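The report that follows is meant to be read with the sequence and the coordinates at hand. It moves from individual side-chain pairs to the contact between chains, and then to questions of confidence.

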Amino acid sequence: MRGPGLVPSLPPELLSHIASYLQWPEDFPAFLLVNSHFHAIATRTLYHTVYVNSARAVRLLRSIDVPGDRRHNLITSLTLNFTKNRVLKQLDLLVQRVLPHLKKLKALTFEVSSYDSAWRGQAWVFPLDAPFHLRSLTTSARFSTHLSAFLESQPEILDLSLRGFATEPFNLDQAALPHLRSFRSVHSSPQVLAQIVTARPLKSVSITLIAEDAVNALGSLALSSTPIKRLTILIIDASAPATELFPQLAATLPQLEALHIVALVQTYDLDIMHAATPLLAAFPGLRYLTFMASGDPAYDLGDEAGVATDWATACPSLRTIILPKGKMWFRKEGIWAVS
Amino acid sequence: MPTIVSVDDSTVPGEGSSRLLLLVSSDNKHIVVEEDIMSRSRFISKQVEGFEATSQRHAILLPFSSFVLNKVIEYCSHYRGYYLLEDDPDAAPPGRSPVREWDQEFLDVDRNMLLRIIKAAHYLEIKSLVGSCARAIADMIRGKTTEEMREILGVENDFTPEEEHSPSSKCTG
């Protein structure tokens, strides 16, 4: 005796969402056999977002390296993760052959090892006359003229993450990426950052910062065509407290709503955090603040509550604060509480 | 499009941040709730924007029962003031919601109720709640045999014997 069959009455997008919480491989063999309707849902789910690495990637790519394979049109998101491998050129060529089959691809992630990013240019695997229109691209392939040409051929990209080394000339046409709303980079120089930010409608940027580049890098963030609302900064040196960035950030990005600073190589104590309090008054619309650093193990959550309260008093628009102990603070019934 | 009816301003005050909304369930129960609580619902937020454009406030008629609506309001009240990434329209990531302990207890209900909540959350565009419900439904069928999954999902096997022995042929063409 079956139940009332309410599950099949759910819209397909909800069924796919439910299926996305199942685990591959343990749940899918049984799920694929439920019936033809759920078989279609399961197949769409399996191929909708494909995340594969090393040997599995080779098997998958070889299995779909066939013109006209029906699975080509199911794949809308593809992640190829080779960060733990050195990729042979034969595999690069396989990626280059398969990508032009994926007409429905919207999100592509192609990650390579630091060694390959530093020593091999692999952006040539991206087809310049691709049939797909990406919304999202993440790659650690090295910056190159081919990479800029590929970006120029993908005008619908909204979210871009370039994590490769920038050791080659990189010149992006001013008309490229007209809708870009978020950009993440790891190794971009201030000059490359300025090229990507300038005159594009960015709302969200994530960068890695070293002290000697800070002024130029932060200055380039003012060049976007719309105000940047969300900024994440990973600080990788310990030359100056990250809180010293607050005045320039407030001057450059006064409309910032979310600021996330991660400075794990720096050590903070309560005095430095309290000293930063007046600097936060310069952010009139800041709602979400993260400040992660190697904290002083001697202080406790009660001490962090004091910091959260002080910061929120200086910057009353704040809604949540994450401090070095990793807890999220928010205002509840008039006081700052931890989640 | 939802059905809307005009309401008297005295029924639904429109003052500052504590403005109230009048929600009407399919069993014709009138529920007054603070607008701030329901701001997690993109559907409700869009309705409120519409009110502001026309300077008229209306009751919002919803196609599910007061029992389900109250459950959704309980969820929104619990997370009032919380930042949940899935509900941020500027940052909404694709993919799965994280495990939230409170949600697991909140959704410890029978299957039919769970399905009604996910439908309501989908209608109201509360992505965090849709995600938690989807996870809860998936948890019900995880680790089960095909026959047990059919029982839980309430569906019959419609494969031919040939297809059942080689179903993968249907997706690889």
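## Salt bridges within chain A

In this predicted model, D69(A) and R71(A) form a salt bridge whose closest N and O atoms lie 2.9 Å apart. Both partners count as buried, because the relative accessible area is 13% for D69(A) and 9% for R71(A), against a cut-off for burial of under 20%. A further salt bridge joins R181(A) to D159(A), with 3.1 Å between the closest N and O atoms. Since R181(A) belongs to the loop between β5 (159-162) and β6 (182-185) of chain A while D159(A) is part of strand β5, this pair ties together parts that are 22 residues apart in sequence. R181(A) is partly exposed at 39% relative accessible area, and D159(A) is likewise classed as partly exposed, at 22%. Elsewhere in the chain, D92(A), D116(A) and R120(A) are joined into one network by salt bridges that share partners.

Over all chains, the search of the whole structure finds 19 salt bridges. Among them is the pair D65(A) and R97(A), in which the closest N and O atoms are 3.0 Å apart. This pair links distant parts of the chain, given that D65(A) sits in the loop between α4 (54-63) and β2 (77-82) of chain A and R97(A) in helix α5 (residues 89-98), 32 residues apart. D65(A) is partly exposed, with a relative accessible area of 22%, and R97(A) is also partly exposed, with a value of 43%.

## A buried serine in chain A

S220(A) is located in helix α9 (residues 214-220) of chain A. With a relative accessibility of 4%, S220(A) counts as buried. Apart from neighbours within four places in sequence, the residues in contact with S220(A) are P190(A), L193(A), A194(A) and V197(A).

## The interface between chains A and B

Contact between the two chains involves 42 residues of chain A and 46 residues of chain B. The area buried between them is about 4000 Å², and carbon and sulfur atoms give 62% of that area. The rule finds 2 salt bridges across the interface, one of which is formed by D88(B) and R230(A), with the closest N and O atoms 3.1 Å apart. Polar contacts between the chains amount to 10 residue pairs, counted where both residues have pLDDT 80 or more.

On the side of chain A that touches chain B, at least two residues each are supplied by elements including α1 (12-19), α2 (28-32), α3 (36-48) and β12 (328-332). By class, this side of chain A holds 20 nonpolar, 12 polar and 10 charged residues.

## The fold of chain B

Chain B contains 8 helices and 4 strands, arranged along the sequence as β-β-β-α-β-α-α-α-α-α-α-α. Of its 173 residues, 45% are buried. Within this chain, Q56(B) is placed in the loop between α1 (42-54) and β4 (58-61), and is classed as partly exposed at 45% relative accessibility. The C-alpha atoms of Q56(B) and V24(B), which are 32 residues apart along the chain, are separated by 17 Å.

## Confidence

The model scores ipTM 0.83 and pTM 0.74. For chain B the mean pLDDT is 82, with 82% of its residues reaching 70 or more. Over residues 1-17 of chain B, however, pLDDT stays under 50, although the model has 30 contacts beyond four places in sequence for this stretch. Residues 169-173 of chain B also have pLDDT below 50, with 13 contacts in the model beyond near neighbours in sequence. Where pLDDT is low, the predicted coordinates should not be read in detail.

Technical notes:
Residues numbered from 1 in each chain as written. Chains lettered and ligands numbered in written order. Heavy atoms only, no water. pLDDT = per-residue confidence, 0-100. Contact = heavy atoms within 4.5 Å. Buried area = accessible area lost by both parts, 1.4 Å probe. Salt bridge = Lys/Arg side-chain N within 4 Å of Asp/Glu carboxyl O. Polar contact = N/O pair within 3.5 Å; in protein donor to acceptor, adjacent residues only side chain to side chain. Nonpolar A, V, L, I, M, F, W, Y, C, P; charged D, E, K, R; others polar. Buried < 20%, exposed > 50% of the residue type's maximum accessible area, 1.4 Å probe, protein only.
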